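Good morning, colleagues. I would like to take you through some helix packing and some aromatic contacts, with the structure on the screen.

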Amino acid sequence: MSALTPQSDMPTPTTDKITQAAMETIYLCKFRVSMDGEWLCLRELDDISLTPDPEPTHEDPNYLMANERMNLMNMAKLSIKGLIESALNLGRTLDSDYAPLQQFFVVMEHCLKHGLKAKKTFLGQNKSFWGPLELVEKLVPEAAEITASVKDLPGLKTPVGRGRAWLRLALMQKKLSEYMKALINRKDLLSEFYEPNALMMEEEGAIIAGLLVGLNVIDANFCMKGEDLDSQVGVIDFSMYLKDGNSTKGSEGDGQITAILDQKNYVEELNRHLSATVNNLQAKVDALEKSNTKLTEELAVANNRIITLQEEMERVKEESSYILESNRKCPEQDRTADGQALTEARKQLKEETQLRLDVEKELEVQIGMRQEMELAMKMLEKDVCEKQDALVALRQQLDDLRALKHELSFKLQSSDMGAKQKSELNSRLEEKTNQMAATIKQLEQSEKDLVKQAKTLNSAANKLIQKHH
């Protein structure tokens, strides 16, 4: 397992919370990694005091191996779940530069390395998971293809690099879960490579193999030739699974624009690939046309050669018949002199006949090759037409995406302008409200003054009435 640096500013949890979360805790080296939903929270073991369990101690090798198996199984769960969710949200084919996919291969490499027996060589001890993976082709015949492909890759020099390439090809083939299940079911073969308490020999390995079925929903494409798989350092990046409280969700409009931009970039990349494919096919068609012209010229030469040979053969037949007739007429003493000429003529006739047969065979081979070339040219022309139709459709989709992008940007601008107008209207309403409040206060004050004046007038009127009485 990889070394981790704990966060020193993490608050020390209470005993009740620790006891409640004890069943959801995995151990990693000198740290406790608590599960919080789909996230990890690191804590030092020295900061936590649980009720001591008298069964196994932390120095027991079996106890440590069991904790490591649990750690790897939980990390595989998080890695597979995060990879599937992110791949479905991304909505396109994954490549070797995709970070969750890289972390998945690192976790799988740690799972396959857990409990490996060290093999002694003249350079020292060597631990490699390529040996168990080679057994898969004996258990599942379909795996022989990727095993042969891995062995034929020129850039791989170490067993570790071949094992990493095998995992990538199995994921591309969408058979990784099937291969791992077939391997785990044969523990009698795995015992040659793993310790008895290794992950591949225990129940955790079968659980991980079952989780790998979910990866069949994603599409991945890797280029093995330019990738250096021998010298990669397999370290698990736990920062991808640690909980971040400061993360905020982006607005819905920004998410739509980002998705459209991703689709636009994908369509442009696909357009470039299709253009390159069309150019390659056009070059192949040109080369086939040149070779067809050359074969036609060679066929004409061969036909001329055959006609010449036929004429020579007729001439030789005439000469031989003439010699036979002359031998019949000539006396016996002249036959011995002409016998040698007749033998040479027969020999030359035999050679010419054999040469004619060879030329006819060569002509038949060239005719067959020409027919195959014509069929290949027709198939290539059909493929070029299909690619051009796909290219036109993709360009139409690209234009539609651009129009949709412009429409969304226009709507975003109009919504911004509407928000500004609403804010100005709100400010005006607030000003009018303040003015009306001031007017109401003035009216209330004038009302109070009028009430006072009315009271004064009433008192004065009462006094006047009393005086008249």
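Helix α3 passes α7 in a right-handed crossing. Please keep in mind that this is a predicted model. The axes of α3 and α7 come within 11 Å and cross at roughly 120 degrees, and the two helices are therefore oblique to each other. On the α3 side, the residues in contact are Leu101, Phe104, Phe105, Met108, Glu109 and Leu112. They meet Val160, Arg164, Leu167, Arg168 and Leu171 of α7.

One member of that contact deserves a separate remark. Arg168 lies over the face of Phe105, at 4.3 Å from the ring centre.

Let me now turn to the other packing partner of α3. Helix α2, residues 61-90, packs against α3, residues 99-113, at an angle of about 155 degrees. Their axes are 9 Å apart. How are α2 and α3 oriented to each other, roughly parallel or roughly antiparallel? An angle over 145 degrees counts as roughly antiparallel, and α2 and α3 therefore fall under that description. The crossing of α2 past α3 is left-handed, whereas that of α3 past α7 is right-handed. From α2, the contact takes in Leu72, Met75, Ala76, Ser79, Ile80, Leu83 and Ser86. Their counterparts in α3 are Pro100, Leu101, Gln103, Phe104, Val107, His110 and Cys111.

Helix α2 also packs with α10, which spans residues 203-211. Here the angle is about 5 degrees and the axes are 10 Å apart, so α2 and α10 are roughly parallel to each other. In this contact, Arg69, Leu72, Met73, Ala76, Lys77 and Ile80 of α2 meet Glu204, Ile207, Ile208 and Leu211 of α10.

I come next to the aromatic side chains. How many aromatic pairs does the structure hold? There are three. In one of them, the ring centres of Phe104 and Phe105 are 5.5 Å apart and the planes stand at 55 degrees, so this pair is tilted. Both Phe104 and Phe105 are buried. Together with Phe222, these two residues form one aromatic cluster.

Another pair joins Trp166 and Tyr179, and it too is tilted, with 5.8 Å from centre to centre and 45 degrees between the planes. Which parts of the chain does this pair tie together? Trp166 lies in α7, residues 159-172, and Tyr179 lies in α8, residues 176-184, so the pair links parts that are 13 residues apart in sequence. Trp166 is buried, as is Tyr179.

Lys174 is placed in the loop between α7 and α8. Most residues other than glycine have a negative phi. Phi of Lys174, however, is near 60 degrees, a positive value. Is Lys174 buried or partly exposed? With a relative accessible area of 33%, Lys174 is partly exposed.

Finally, I would draw your attention to Ile367. This residue is in helix α12, which runs over residues 332-468. Ile367 has a relative accessible area of 36% and is partly exposed. In sequence, Ile367 and Leu295 are 72 residues apart, while in space their C-alpha atoms are 8.7 Å apart.

Thank you for your attention.

Definitions and conventions: Residues numbered from 1 in each chain as written. Predicted model: local features only at pLDDT ≥ 70, side-chain atom pairs only at ≥ 80, totals over all residues. Heavy atoms only, no water. Phe/Tyr/Trp six-rings, centres within 6.5 Å; stacked < 30°, edge-to-face > 60°. Buried < 20%, exposed > 50% of the residue type's maximum accessible area, 1.4 Å probe, protein only. Helix = DSSP H or I, 4+ residues; strand = E, 2+ residues; numbered from the N terminus. Lys NZ or Arg CZ within 6 Å of the ring centre and 35° of its normal. Axes fitted to C-alpha atoms, helices over the stretch in contact; angles between N-to-C directions. Parallel < 35°, antiparallel > 145°, perpendicular 65-115°, else oblique. Left-handed = near helix turned anticlockwise from the far one by under 90°. Contact = heavy atoms within 4.5 Å.
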